[in-house]
Amino acid sequence: MASITFNNVSVSYDRGKTKTLKDLSLEVKDGEFCVFLGPSGCGKSTAMHCIAGLLKPDSGEVYIGDQLVTAMEKKVFVQPQQRNIAMVFQEYALYPNMTVRKNMSFGLQTLKVDKAEIEKRVNYMAKMLSIEHLMERKPAELSGGQRQRVALGRALVRDPNVFLLDEPLGNLDAKLREQVRYELKKIQSELGVTTVYVTHDQTEAMTMADHIILMRDGMIMQEGTPSDLYDCPNNVFVASFLGTPQINLFDCRVVQKDGRIFLESPEITTVVEDKDAAALKDYTGKEVTLGIRPSDLSIAENESDAAIKAAIDSMELLGDAYLVYVRTGNKVVIFKNTDLNTKLNSHIFLKPDLSKLHLFEKEKGDRIN
Ligand SMILES: Nc1ncnc2c1ncn2[C@@H]1O[C@H](COP(=O)(O)OP(=O)(O)OP(=O)(O)O)[C@@H](O)[C@H]1O
Ligand SMILES: [Mg+2]
């Protein structure tokens with residue numbers, strides 16, 4: 001097992017013209033389940049390839065545990081096969097002519113691992129992945145989810161220092177994805193193997209990660225636990241990237257009235273709590289961006305308590321609640337409502353949970369409160 005450290009790692013694919021990774025520094029702790037999250041093209045796979053040694057960065061250092069594995073300036077580069085890393089990609093390929101058992105043991109045989117040891121490891125992993133009954137089948141005789149589990153098992157039997165997964169569940173349907181996600185997380189924590197998991201799917205990140213590294217344009221926007229990022233996003237990008245449905249955003253003016261601070265826009269007028277008022281001290285008369293998560297809006301009894309007055313545009317049943325889309329001015333605001341008697345087109349009053357307002361600078365989008 002090992003930690004992973006990047007010190008100022010830069011990568012460009014076009015001889016330095018555009019930097020795909022920009023001085024990336026990060027640390028994945030030993031035994032941690034870390035997710036590299038971010039929109040398509042932000043550099044997640046590129047960063048992962050630097051760990052695996054599939055790519056030589058222009059500059060910077062990569063450590064696996066205490067071992068310096070990449071430092072081009074110092075002419076250090078440890079070959080991928082010497083890094084004891086296992087990788088699984090979305091387009092994993094099993095050997096079609098080999099049984100599941102053979103697929104899982106083949107890599108260990110080429111490493112000349114003792115036969116009894118191979119059998120022990122393969123059987124253990126088969127049990128962990130609930131594929132014991134499939135061991136004598138060929139890949140063509142398996143479902144997508146079963147094949148995926150074999151691919152994971154084949155990688156894990158090698159007992160790697162680091163386990164790298166690049167969008168490994170992309171080919172599975174939603175239900176299977178949920179199941180494999182759960183199993184993978186369980187196995188990872190049982191084995192305690194340091195894992196980096198690449199995805200652009202925020203739900204996968206939120207449900208699986210001990211540590212999320214959220215990237216954009218080759219840089220880290222924020223890192224921390226899923227709740228660090230969800231409850232206290234550093235900027236508008238992070239706030240919008242995490243959470244479904246997305247956070248509601250309003251461009252509001254900061255107004256001082258009767259010694260209190262209000263946020264006002266054509267769609268919403270709300271007072272703020274003292275701590276937020278203090279954070280907004282220098283913004284009086286200026287505009288800021290207000291973010292409210294759909295689960296932090298609820299129906300107000302009285303018009304006088306209302307921050308938003310709106311008509312219900314559409315509703316989606318979630319089972320135990322509705323996602324309600326309301327129209328106010330030119331904007332559609334989303335909130336989660338557990339009152340199943342709410343009627344379409346009716347006018348309602350909404351109030352936010354004042355302790356959960358997210359305030360951002362309008363220009364750069366950086367968090368204020
Ligand atoms: N071999 C390459 N040659 C040139 N440009 C590349 C190469 N590989 C990646 N890129 C570019 O580098 C950027 C980052 O690519 P990368 O594959 O790391 O993104 P990603 O975050 O994994 O995206 P996705 O979620 O779509 O897989 C992209 O703009 C991509 O076009
Ligand atoms: Mg990728």
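**Contacts, core and domains of a predicted model**

Trainee: Leaving aside its neighbours within four places in sequence, with which residues is arginine 149 in contact?

Mentor: The model is a predicted one. Arginine 149 belongs to helix α4, which covers residues 144–156. Once neighbours within four places in sequence are set aside, the contacts of arginine 149 are Leu129, Ile131 and Val180.

Trainee: Does arginine 149 count as buried or exposed?

Mentor: The criterion for burial is 20 or more other C-beta atoms within 10 Å. Arginine 149 has 26 C-beta neighbours inside 10 Å, and therefore it counts as buried.

Trainee: How far apart in space are arginine 149 and methionine 128, C-alpha to C-alpha?

Mentor: In sequence, 21 residues separate arginine 149 from methionine 128. In space, the C-alpha to C-alpha distance of this pair is 10.0 Å.

Trainee: Against which helices do the buried residues of α2 pack?

Mentor: Helix α2 spans residues 100–110, and its buried residues are Val100, Asn103, Met104, Ser105 and Leu108. Lysine 112 follows α2 and has a positive phi, near 60°. The helices against which the buried residues of α2 pack are α3 (115–128) and α4.

Trainee: Which residues have the most contacts inside the largest nonpolar core?

Mentor: The largest nonpolar core has 87 residues. At least three residues of this core come from each of domain 1 (4–241) and domain 2 (248–361). Leucine 164 touches Met48, Ile51, Ala52, Ile85, Met87 and Val196, residues up to four places away in sequence not being counted. Those with the most contacts inside the core are Val35, Phe36, Ile51, Leu164 and Val196.

Trainee: Which residues of helix α1 are buried?

Mentor: Helix α1 covers residues 44–52. Just after α1 comes glycine 53, with a positive phi of about 85°. The buried residues of α1 are Lys44, Thr46, Ala47, Met48, Cys50 and Ile51.

Trainee: How many nonpolar, polar and charged residues make up the shell around ligand 1?

Mentor: The residues around ligand 1 include Tyr13, Thr20 and His200. Others among them are Gly38, Ser40, Gly41, Cys42, Gly43, Lys44, Ser45 and Thr46. By class, the shell holds 2 nonpolar, 8 polar and 1 charged.

Trainee: How far apart do the C-alpha centres of domain 1 and domain 2 lie?

Mentor: The protein is divided into domain 1, residues 4–241, and domain 2, residues 248–361. Their contact takes 4 residues from domain 1 and 5 residues from domain 2. On the side of domain 1 that touches domain 2 there are 3 nonpolar, 1 polar and no charged residues. The C-alpha centres of domain 1 and domain 2 are separated by 40 Å.

Trainee: Which residue in β2 is the bridge partner of valine 9?

Mentor: An open sheet of 5 strands runs in the order β2-β1-β4-β5-β6 with antiparallel pairing. Strand β1, residues 4–11, pairs with β2 in the antiparallel sense over 5 bridges. In β2, valine 9 has as its bridge partner leucine 24.

Trainee: What percentage of contacts in the protein between residues at least 6 apart in sequence join residues at least 24 apart?

Mentor: The protein contains 9 helices and 21 strands, and its C-alpha trace spans about 80 × 50 × 30 Å along the principal axes. Of its 369 residues, 34% count as buried. Among contacts between residues at least 6 apart in sequence, the share joining residues at least 24 apart is 65%.

Definitions and conventions. Residues are numbered from 1 along each chain as its sequence is written. Chains are lettered from A and ligands numbered from 1 in the order in which they are written. This is a predicted model: local features need pLDDT of at least 70, side-chain atom pairs count only at pLDDT 80 or more; totals for chains, interfaces and linings use all residues. A residue is near a molecule or strand if its C-beta atom, placed from the backbone, lies within 6 Å of it. Ala, Val, Leu, Ile, Met, Phe, Trp, Tyr, Cys and Pro count as nonpolar, Asp, Glu, Lys and Arg as charged, and the others, Gly among them, as polar. Helices (H or I, at least four residues) and strands (E, at least two) are DSSP runs, numbered from the N terminus. A residue is buried if 20 or more other C-beta atoms lie within 10 Å of its own, exposed if 12 or fewer, and partly exposed in between; C-beta atoms are placed from the backbone. Two residues are in contact if their C-beta atoms, placed from the backbone, lie within 7 Å. A nonpolar core is a set of buried Ala, Val, Leu, Ile, Met, Phe, Trp, Tyr and Cys residues joined through C-beta atoms within 7 Å. Domain bounds come from an automatic or database domain assignment. Two strands pair if DSSP finds at least two bridges between them.
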